[in-house]
Amino acid sequence: MNKPPYLMTARGIVKSYGPTSVLKGFDLSVAAGEVHAFLGGNGAGKSTFIKIISGQIDRDSGSLEFAPNSASSSAADASDENTIAVVNQELALLPHLTVAENIALPRSRRGYGLFNASEARRIAVDALSLIDPTFAQASVDRLVADLSLHERQLVEIARALDSGASLLLLDEPTANLTAGETERLFTVIRRLTVDKGLAVLFVSHRMREIRQIADVCTIIRNGQTTIDRVALTSITDAEIVEQMGQAALGPAAEPRAQRRPRTSGDGIDAGKPNDLRVQTDGIDLEIASGTILGLAGPPDGPEALMDALIGVSRAGKWSIARNGTAVSYRRPSTAARDGVGFVSGDRANKGILANLPIVDNLAASARIVGRKRAVRREEVAQGSDLLDALSIRAGSLWDLPATLSGGTQQKLLIARWLRLKPTVLVLEEPTRGVDIRTKQEIYALIREMAAQGAIIVWWSTEYLELVELCDTVLAFDPDGHPTSVLRGDSISEAGLAHATGMAA
């Protein structure tokens, strides 16, 4: 039998969940030795397709072939020499096991035998050292449950790189990585595609990264193929966005002069002061009402400040004052009742309540602030209004969040705070894994909250995002120490790279 021309060929893939049709005859082919960008808006069907070809769910119909064998129902039918490794947008690590165990266990194909701990450590260190040698040595014996989202992302990618797979499926792998880690990951991918013929299916909403790493692209829109294996050199960013169905976007950003801190009478109570002061060695930063403050740099520094602001940990080296009064919140609920909101980029573990319906997810913050538990009639009415206001398409308020795309779930986390009008809103990578249109919608929501007088604290590893949004940026170096405060025209990719010691 002749080999198919591609390592993997999918034709006419159909998948529905009840009356909801997700994939409607989708086609995609991936060749050995290439990085293939898989592009589309949130809810277009990308994650569903990845789950099908990785054997996590079954397709309803359509053909799926892997060289040299044909797969009858899932990717599990592929031969050992054509294995698949996947990094899902929502990470799939075992929190009660160590980093070494999470990376090494997939190598154990049998359900019996002794586990060699020293060999597992060696495997894990070698795999993690491909991306971050320092983290490899420091983390190998830690429990995954004790890692940050950023650190877990590194572990998940390292496990996939170590798998020896011939097809690597990466769903937003860089969404919480620094620029330096992303470049090291790309270097590893380039080497594996050239030296070992690895095929990579790469999902990202960051156009610059797509241009950096990918050879060809396929675009999915409403469950169907709109662009099939087009070379990135022969298609523009504007054409990609148009084929994704996202051409009708507003201007990318307001002129900076129009985004200075401002307040509105229908927002935060104009009769109450709203300012924030944060101090540590060498930094004394006063943040006025309506300011969007960016945090730039790798996770250690920004996370320590964010944790102190929202009551996850005591202030530590940070001195924090609200309206001239020192504060040190003991728990997030205390901070929330004092007007401090939080939106996590780790929606699976620190955001979405997966087993509760959409209405409970929308009302979660209000219930904490108001010490309420039961679903009230006004919450249902308010929930419907929020869905309409944020253009969230849901079958019902009583559906589970899993029925929504990842980007739409992220909008739910922000929606929790809209009616509460927090005086300070802390955002941890809030656009992680969302498409271009949803990003712009989130930007508009945040600008409106700032215009109403809220102080926004926004950590992002994406410098362009900080440049577009922020009035002031507090930069941290790779060791987590704050280095400088940038304002106005000094907020640029070059300025942030210099201040953080990290490439733009």
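Guide: A strand is a DSSP run of type E with at least two residues, and strands are numbered from the N terminus. Arg 229 is found in one such run, strand E10. The model before you is predicted. The protein has 17 helices and 20 strands.

Visitor: Which strand pairs with E10, and in what sense?

Guide: Strand E9 (residues 216–221) pairs with strand E10 (residues 224–231) in the antiparallel sense, over 5 bridges. Two strands count as paired if there are at least two bridges between them, so 5 bridges meet the requirement. Ile 220 has Thr 225 in E10 as its bridge partner. The two strands form a hairpin with 2 residues between them, and Asn 222 in the turn has a positive phi of about 50°.

Visitor: Where else is there a positive phi in a residue other than glycine?

Guide: Glu 429 is one of these residues, with phi near 45°. Glu 429 lies in the loop between strand E17 (424–428) and helix H15 (436–451).

Visitor: Why is Glu 429 called buried?

Guide: The cut-off for buried is under 20% relative accessible area. Glu 429 has 1% relative accessibility, and therefore counts as buried. Across the protein, buried residues make up 55% of the 504 residues.

Visitor: How do you know that Glu 156 is buried?

Guide: The relative accessible area of Glu 156 is 2%, so the residue is buried. Glu 156 is found in helix H5 (residues 149–162). Leaving aside neighbours within four places in sequence, Glu 156 is in contact with Val 86, Val 87, Asn 88, Leu 91, Ala 92 and Leu 93.

Visitor: Why are H5 and H6 called roughly parallel?

Guide: Angles under 35 degrees count as roughly parallel. The axes of H5 and helix H6 (residues 179–196) cross at roughly 5° and come within 12 Å. The two helices are therefore roughly parallel to each other. Their contact is made by His 150, Leu 154, Ile 157 and Leu 161 of H5 and by Glu 181, Leu 185, Val 188 and Leu 192 of H6. By class, that contact has 6 nonpolar, 1 polar and 1 charged residues.

Visitor: What makes H12 and H13 roughly perpendicular?

Guide: The range for that description is 65 to 115 degrees. Helix H12 (residues 358–370) and helix H13 (residues 377–389) pack at about 105°, with their axes 10 Å apart. H12 and H13 are therefore roughly perpendicular to each other. H12 contributes Ile 358, Val 359, Leu 362, Ala 363 and Arg 367 to the contact, while H13 contributes Glu 379, Val 380, Gly 383, Leu 386 and Leu 387. By class, there are 7 nonpolar, 1 polar and 2 charged residues in the contact.

Visitor: What makes E12 and E15 edge strands?

Guide: The 4 strands of their open sheet stand in the order E12-E11-E14-E15, with antiparallel pairing. Strand E12 (283–287) and strand E15 (325–327) each have a single partner strand, so one side of each is left without a neighbour in the sheet. The twist averages 25° from one strand to the next. Strand E14 (residues 319–322) pairs with E15 over 3 bridges, and Arg 322 stands opposite Thr 325 in E15.

Visitor: How do you know that the side chains of His 205 and Glu 172 make a polar contact?

Guide: A polar contact requires a pair of N or O atoms within 3.5 Å. The side chains of His 205 and Glu 172 make such a contact at 3.4 Å. His 205 lies in the loop between strand E8 (199–203) and helix H7 (207–213). Its relative accessible area is 9%, so His 205 is buried.

Visitor: Is Arg 11 buried or partly exposed?

Guide: Arg 11 is partly exposed, because its relative accessible area is 32%. Arg 11 lies in strand E1 (residues 8–17). A polar contact of 3.1 Å joins the side chains of Arg 11 and Ser 29.

Note on methods:
Residues numbered from 1 in each chain as written. Predicted model: local features only at pLDDT ≥ 70, side-chain atom pairs only at ≥ 80, totals over all residues. Heavy atoms only, no water. Buried < 20%, exposed > 50% of the residue type's maximum accessible area, 1.4 Å probe, protein only. Polar contact = N/O pair within 3.5 Å; in protein donor to acceptor, adjacent residues only side chain to side chain. Axes fitted to C-alpha atoms, helices over the stretch in contact; angles between N-to-C directions. Parallel < 35°, antiparallel > 145°, perpendicular 65-115°, else oblique. Contact = heavy atoms within 4.5 Å. Nonpolar A, V, L, I, M, F, W, Y, C, P; charged D, E, K, R; others polar.
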